[in-house]
Amino acid sequence: MSGINSYSTFVAKQGQLEDQMQRKKQSIVDNINADQDATTKIRYINSELELTLPLKEQKDLDKYMNNQEDDTSLRKYLVFGVQWISLVTENLLSHPFIVLRRQCQVYNASKRFHLHPFTLLPSIVHLHRRQGLTTLWKGLGSCLLVRGLSLAVDDAISKLTSWPKDVNSQTTLKRFGQHVLLKCISIGLVVPFHAASLVETVQSDIASEKPGLFDVFREGSLRLFFWSYPQRGRMLPAWALIGPSASLGVTKYLFNLVIRGVASRIMLRRQSLVQENCDSHADTLEQRNSEIYGNLIATLTTELIFFPFETILHRLQLQGTRTIIDNLDNGYAVVPILTNYQGAVDCYRTTIISEGFAGLYKGFGAMILQFSVHIAVIKMAQWIVTKITEVISNRPPPCIVQYYNLDCVAGKSSSTTISSSISSTELDMHSVGQNSLK
């Protein structure tokens, strides 16, 4: 009887073990099916953060990670393109607004000060109707020649004296002083040519002869060689212009240098805080973008602060040149510039008395238009670069990259596996088998 009972007990335990084995097998199948369903819907791309990606975006992420190096090289070339567009905008596309600004600055008898861009729009339309589309591009060649001459003078002085043309954070105080002295000499030598270029920029096309391409060198040389005495009328001698021009030019340059350095460092610091835990290749690209915006912020701030001093300097440089400009009060007529300033201080006092403090900011609306267009062009160029990068390198859209922080996980292991669940179930099966043998 006892043998029968022990046998029935053994059979019952064997049946229970077989039931457990069956349930475990079913559990394994269910887990594998669940994992397979999950891998089609989600993917873990960071060991610390679980991110849900649809299958299409998952494929885009794979392509993005595999082509990260090619994408970085492509983006470098495209960012260089943005820098080139910014340079073209600063030197070419901004010229019509510089013409408007200078014409407003030198016209001391104007009734409209054009402190905002809306008052300029009717005058611009009238100028184009009367004189054509090229009227606001006058003097462009001479402006570019004077800028090239300034760079050539910097290079020549640097080679003759071994003074540095550029400075950085590692420059010693002595070398920085030599650099400032180089800039003073360079600006002083170029002042007469800048004054000749100013005349070509503001004179009316319908009331003046169109100058030749190299007339700026002839007029500037004549004004430079007549050091002490003007060659005609009320024109101020060169020595009376070099002091204020060099002082303003060097001060603007140093101020621009400081603001550009501070703005670039602030933007790079913000970017480094975002990417401090990321293994990304975008640091160099973000640095170049920071340089673009840092340069733009520095230029805008400098022009804003030194605008009144520029107005005084332009009036002194134009005095006695018998220049006839367009009347921007209406955009139809032309007017001569007749002034008799004795120097920078006299120009400032006369302007404040006759025109008020706002007279120093005549044409400020043109500067607003200039930098609005500049910013818009840079933004559009960056948008085009982003779209080109997405199409060529299969990069996910920026919203996906930013939301899932893909730049931080590129290059890291991100594949999903179900081996952990299989391993755990195999261990369970092994333990069940051991129990059954017991």
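## Report on the predicted model

His114 has a relative accessibility of 3% and therefore counts as buried; in this report, buried means under 20% relative accessible area, exposed means over 50%, and partly exposed lies in between (1.4 Å probe, protein chains only). The structure is a predicted model, in which local features need pLDDT of at least 70 and side-chain atom pairs count only at pLDDT 80 or more, whereas totals for chains, interfaces and linings use all residues. Residues are numbered from 1 along each chain as its sequence is written, and side-chain values use heavy atoms, with hydrogens and water left out.

His114 belongs to the loop between H4 and H5; helices (H or I, at least four residues) and strands (E, at least two) are DSSP runs, numbered from the N terminus. The phi angle of His114 is near 55 degrees, a positive value in a residue other than glycine. As a rule, most residues other than glycine have a negative phi. Arg322 also has a positive phi, near 55 degrees, and is likewise not a glycine. Arg322 is located in the loop between H11 and strand E3 (324-326).

A cavity is defined on a 1 Å grid over the protein atoms alone, as a set of points where a 1.4 Å probe fits but cannot get out, and lining residues have an atom within 4 Å of a point. The structure contains one cavity of 30 Å³ or more, and the volume of the largest cavity is about 30 Å³. Grid points are joined across faces, edges and corners, and the volume is the space filled by probe spheres set on the points. The lining comprises three nonpolar, three polar and two charged residues. In that division, Ala, Val, Leu, Ile, Met, Phe, Trp, Tyr, Cys and Pro count as nonpolar, Asp, Glu, Lys and Arg as charged, and the others, Gly among them, as polar.

### Salt bridges between helices

Eleven salt bridges are present in the structure, each being a side-chain nitrogen of Lys or Arg within 4 Å of a carboxyl oxygen of Asp or Glu. One of them joins the side chains of Glu310 and Arg101, with an N to O distance of 3.7 Å. Glu310 is part of helix H11 (residues 307-318) and Arg101 of helix H4 (residues 95-106), so this pair ties together parts that are 209 residues apart in sequence.

Another salt bridge joins the side chains of Lys183 and Asp154 at 3.0 Å, N to O. Here the pair ties together parts that are 29 residues apart in sequence, because Lys183 is in helix H7 (residues 173-202) and Asp154 in helix H6 (residues 140-161). Both partners, Lys183 and Asp154, are buried.

Glu303 and Lys252 form a salt bridge as well, their closest N and O atoms being 3.5 Å apart. Since Glu303 lies in helix H10 (residues 283-305) and Lys252 in helix H9 (residues 238-275), the pair ties together parts that are 51 residues apart in sequence. Both Glu303 and Lys252 are buried. Through shared partners, salt bridges join Arg101, Lys252, Glu303 and Glu310 into one network.

### Accessibility of selected residues

| Residue | Relative accessibility | Class |
|---|---|---|
| Arg101 | 5% | buried |
| Glu310 | 9% | buried |
| Val385 | 16% | buried |
| Glu90 | 29% | partly exposed |
| Trp137 | 35% | partly exposed |
| Arg322 | 66% | exposed |

Trp137 sits in the loop between helix H5 (120-131) and H6.

Glu90 is a residue of helix H3 (residues 68-93). The C-alpha atoms of Glu90 and Val373 are separated by 9.9 Å, although these residues are 283 residues apart along the chain. Val385 belongs to helix H13 (residues 364-393). Between Val385 and Gly81 the C-alpha to C-alpha distance is 8.4 Å, with a sequence separation of 304 residues.

Note on methods:
1 Å grid on protein atoms, 1.4 Å probe; cavity = no way out; pocket = protein on both sides within 12 Å on 5 of 7 lines; lining within 4 Å.
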